Amino acid sequence: MTCLAAAADQSADVRKEPTKAPLAKKAPAPEKPFFFINDNRITVANFPSVAVPSFSAKSNLITTAFTHFDAWAYGTNTFSLLRNQWDHSAPMTPCVGPAIGFPVGQCAGATQNIASLRSTLGWNELFGTNAFSAGPLTNISFLGGADVMVSNVGAAVSQTAVVAGLQFGFALPYKGYLNISPLYFQRWQYNSIFGDPSVVGAVFAPRPPYSFLPDGIAKFDPTWGVDLNYYMDLGFLPPSLQYFAISGRAVVRGADGTGGYNRNPAYDHVVGYALEPIRLTLDAGKLFWGPQYAHLVDVWAAWRYDRNITGFNPSVDPNCVTNKVPNGSCNDSGIYYGMTMKLGAEIPGTPSTSAFGLPFVKSVDNMLTVGVLPNATSPGATDKTIKQVYAFTHNDVWSYGTNQVYAELLKSDGRDPAAPCSQAYNKPVFGQNGPCMGEYEMNAKLRSTFGFNEVFNTTAFRAGPLRNVSLELGGDFRSTQLYSSPDRKAIVAGLQFAFDLPYKGYLNVAPLYYQEWNHSTFAYPNNVGNSPFGLVFGSPRYVGLLPAGFTGTVDGNLHYRPTWALEIDYGGELGFLPENLRYFSWSGHAGIYGAKGNGAYGGYTLPSSWNTATEYNLEPIRLTFDVSKAVWGPKYSHFLETFVAYRYWKNKYGFDGSNPASPVCSFANGASNNSCTEQTVYAGITSKF
């Protein structure tokens, strides 16, 4: 009715003044872009010498990282994934390192996985004002975030933390910036040595009069924190040298107590400092290919200084002191270096063409997913556990192919416990809750393709439904807190055949070469705890489960033989539905991996009962509902989705579920424990950013 009335009034005005030209309508203001920047990078770095509290004062560290940054209409999001690999001086569960008096042995070096999220909401943007910009101050923002760390280093440490506060943004010369953030900080940490002495063992467990923590989880006091980071191009250099930039960061966290009731006051945390005062970066992309490729590839070196790592007091904390003498593992400084490659460029600002005349980046897509697996399994531990799923997916299409990065964090309930709980001790009994926290697991996958049509500038590899043939390369990583300390690393290489399906659908079929390396505590030689290779803790102390006559592997590592794999992905919209129901899509995945032996390498031997079988990791169907399209319209398609899916996973991780002699998949009497096949319906929510 209001619209009709307004229209009538306008008609009346025209009739009253027929000779007056109608007023021209003001052109609508251009719509504000939702995302201004979508930046994704992969980094590889080497730390020649780092301290690892309680383990080593000097360990070599290799870091692989993926970082996403976006700036949108009301703020920014930063998401990073890091995988750290130490050398033998910081060994995996259940070995320990030299800092507490044991020699560097041959136990495999541990890994640490970290996921971090930071989001800001700018006050200028939220309130539609410039009041929070004055002089060098560019904005004030709300800041919030969370961190998760999972490690299989000796004590199976994991940590979750939340931060909240304000960020003050300042401009520096030469397109630079400085961000300072005063924060609220709180963390929770699992450490197996906090736990029940009947499980941990007398060597490491808390001693009277101090108490242990029943589930091994320490809840630290809320405290303060300060984050600082800066960046500046060295624009004062001559034009022929303007390829350099400096940056730095600082993370300071206040003292936050001992983490539990009646704990040894020597564990009382102090203020911790993680500083990188200076990083010098050379823009190799700009140097070699011109300004349009600025920061496509960066190489850099940095100096870091860590004091009171993790808040440990280096003078009294048992992690930092051995035989009443500081062991050097809680303070650190040194130079490290690395290389960073950009997977997607700024929007706007994406290079219009590649070095070969094609668009450089055609699309960049990032998604966060939260879901629940109600009937998951954990081979050798339980035939049923509830797993929470937190996943990140990056997809991009560029001049010559595609890149996909997938990472997920899984959190089990107590039936799938973290170390040192293990069915090897019958603590807990198979499939039951025990005195340890449910374990964390981190998985990551990278797949890249190089399309033959694009590489050879032809359409010869397009025929009928066949859209392209590509070279496919990739890698997989998996780490957990299980007592068995799996640490999977795998590479794949082969071809991908891409087909079009109706309703914007796709079918990708990739026959691949597959090679895997892994680790298992149970692969160590028997009685390893009394050998020079390191102390294996537990109660009773683990002395090995290998049958007589087998050597095991000296470092617990497994080198599987090369095998074949077949990966299939498919999906599409349900475009045959009526228009008012076109909010649904379907997809699926299949990963089939051939048998790969038992992992023995060199002259080492392992039982034939360890032989693997063909693995079938299948998600035949996932039905997705496009919530954002249904609620806000087609413009927001796929911004927010909910889904339900079915998973079938036979011979999980290659463990042979049909072998009655398998120490993982069967009980001692040969009956299957049903932990090596997973069947579950699960659901979740996905958000694009």
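Modeller: Let's begin with R279 and E276, whose side chains meet in a salt bridge with N and O 3.0 Å apart. That term stands for a side-chain nitrogen of Lys or Arg within 4 Å of a carboxyl oxygen of Asp or Glu. The general idea is that side chains of opposite charge can pair when their charged atoms come close. E276 is buried, as its relative accessible area is 2%. Here "buried" means under 20% relative accessible area, "exposed" means over 50%, and "partly exposed" is in between (1.4 Å probe, protein chains only).

A word on where this comes from: the model is predicted, so local features need pLDDT of at least 70 and side-chain atom pairs count only at pLDDT 80 or more, while totals for chains, interfaces and linings use all residues. Residues are numbered from 1 along each chain as its sequence is written, and side-chain values use heavy atoms, with hydrogens and water left out.

A search of the whole structure turns up 26 salt bridges. One of them joins R83 to D487, with the closest N and O atoms 3.2 Å apart. R83 belongs to strand β3 (residues 75-86) and D487 to strand β21 (residues 487-501), so this pair ties together parts that are 404 residues apart in sequence. Strands (E, at least two residues) and helices (H or I, at least four) are DSSP runs, numbered from the N terminus. R83 counts as buried because its relative accessibility is 10%, and D487 does too, at 1%.

E472 leads us to the strands themselves. In β20, E472 is the bridge partner of T449. β19 and strand β20 (residues 466-480) pair in the antiparallel sense over eleven bridges; to count as paired, two strands need at least two bridges found by DSSP. β19 has another antiparallel partner, β18, and eleven bridges join β18 to β19. Look for E408 there: it stands opposite N443 in β19.

Now have a look at what lies between β18 and β19. C421 and C436 form a disulfide, with their sulfur atoms 2.0 Å apart. The torsion about their S-S bond is about 80°, so this disulfide is right-handed. C421 and C436 both lie in the loop between β18 (401-412) and β19 (440-451), so the pair ties together parts that are 15 residues apart in sequence. In general, a disulfide is a covalent bond between the sulfur atoms of two cysteines, and the cut-off used here is a pair of cysteine sulfur atoms within 2.5 Å. C421 is buried at 2% relative accessibility, and C436 is buried at 8%.

How many disulfides does the structure hold? There are three. Another one joins C320 and C330, also with sulfur atoms 2.0 Å apart. The S-S torsion of C320 and C330 is about -90°, so that disulfide is left-handed. C320 is in the loop between β12 (297-307) and β13 (321-322), and C330 is in the loop between β14 (325-326) and β15 (332-344), so they tie together parts ten residues apart in sequence. C320 is buried at 1% relative accessibility, and C330 is buried with a relative accessible area of 1%.

The remaining pair is C665 and C676, with sulfur atoms 2.1 Å apart. Their S-S torsion is about -95°, so this disulfide is left-handed. C665 and C676 are both in the loop between β27 (640-650) and β28 (677-688), eleven residues apart. C665 is buried at 1% relative accessibility, and C676 is buried at 3%.

To finish, find V148, which has its place in strand β5 (residues 137-151). V148 counts as buried, at 16% relative accessibility. Not counting residues up to four places away in sequence, V148 touches several residues, including L409, Y440 and M442; contact means heavy atoms within 4.5 Å. V148 and Q189 are 41 residues apart in sequence and 9.8 Å apart in space, C-alpha to C-alpha.
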